[in-house]
Amino acid sequence: MRAFGVTYDTGFLSSGTTTHEPFAPDTVRREMQIIHDELNCDAIRFTGMSGDLPNLPEHIATGAFDVFLLPYSALDRSHEELITAAATAGAGTIARGSVARPLVAPSEAMPEPMRRPLADRHARLAAAGLDDLAEGASTMELLLRFILGHRDLHSVIVGSTDAAHVQSNVAAAQKGPLPADVYDALRDRLSQT
């Protein structure tokens, strides 16, 4: 059996703009119907940028996507409710940018639009004073186990620099989410900074 299909571009980020502006759910639905009915396609692959605000709610509402790659961390919880919305709609959820970036101050050579948010997160993390919550755990472990506590998050992308780093991430993940009191304290401290 052979499938006849197309790739539907929902927008790739390129030089600050996307290849498919603006994203309009009604247009996507209409175009999907045309692809199915007039082109007789029985396979459609969606490609595009990872889910982000402000378009993410519209992407979820289309019901067309199987998985969303979302920014989510203890320091940036702006997509927290949308992770639940995507999972409730039947889509998979993957967190990106979750742990390592705020651990080290960004280089001054980094372009300002990218550097400023990372520098702000690094400063907030330093100001939160998490050492008393750690009970011997590294800040990396606390942050990883925090995001593992989101019940609707299905996977996490954690970049690693070497085998020892991978092993420590696996060991942290095997411990599971943070205890509720530690989770709440970490959330509260990072919300106040």
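**Close-up views of a predicted model**

View 1. The buried residues of α6 are M140, E141, L142, L143, L144, R145, F146 and I147, where buried means under 20% relative accessible area, with exposed over 50% and partly exposed in between (1.4 Å probe, protein chains only). The helix is thus named from DSSP runs numbered from the N terminus, helices being H or I of at least four residues and strands E of at least two. Eight of the nine residues of α6 are buried, and the helix is mostly covered. Its buried residues pack against α4, α5, β7, α7 (163-174) and α8, contact being heavy atoms within 4.5 Å. The model is predicted: local features need pLDDT of at least 70 and side-chain atom pairs count only at pLDDT 80 or more, while totals for chains, interfaces and linings use all residues. Residues are numbered from 1 along each chain as its sequence is written, and side-chain values use heavy atoms, leaving out hydrogens and water.

**View 2. The nonpolar cores.** A nonpolar core is a set of buried Ala, Val, Leu, Ile, Met, Phe, Trp, Tyr and Cys residues joined through side-chain atoms within 4.5 Å. The largest has 34 residues, of which F68, Y72, F146, L186 and L190 touch the most other members. At least two residues of this core come from each of α2 (56-62), β5, α3 (80-88), α4, α5 (131-134), α6 (139-147) and α8 (180-192); α6 gives the most, with six residues. Leaving aside residues up to four places away in sequence, F146 touches Y72, A74, R77, L178, Y183, L186 and R187. A second, separate core of five residues includes Y8, V28, M32 and C41.

**View 3. The open parallel sheet.** Three strands are arranged in the order β5-β6-β7, with parallel pairing; two strands pair if DSSP finds at least two bridges between them. Because β5 (67-71) and β7 (155-156) stand at the edges with a single partner strand each, one side of each is left without a neighbour in the sheet. Strand β6 (residues 92-96) is joined to β7 by two bridges, and I94 stands opposite S155 in β7.

**View 4. The largest pocket.** The volume of this pocket is about 540 Å³. A pocket is an open set of points on a 1 Å grid over the protein atoms alone, with protein on both sides within 12 Å along at least five of seven lines; lining residues have an atom within 4 Å of a point. Of its 15 lining residues, R96, R101, M114, L118 and R121 are the closest to the centre. Helix α4 (residues 112-128) supplies the largest share of the lining, five residues.

Definitions and conventions:
1 Å grid on protein atoms, 1.4 Å probe; cavity = no way out; pocket = protein on both sides within 12 Å on 5 of 7 lines; lining within 4 Å. Points joined across faces, edges and corners; volume = space filled by probe spheres on them.
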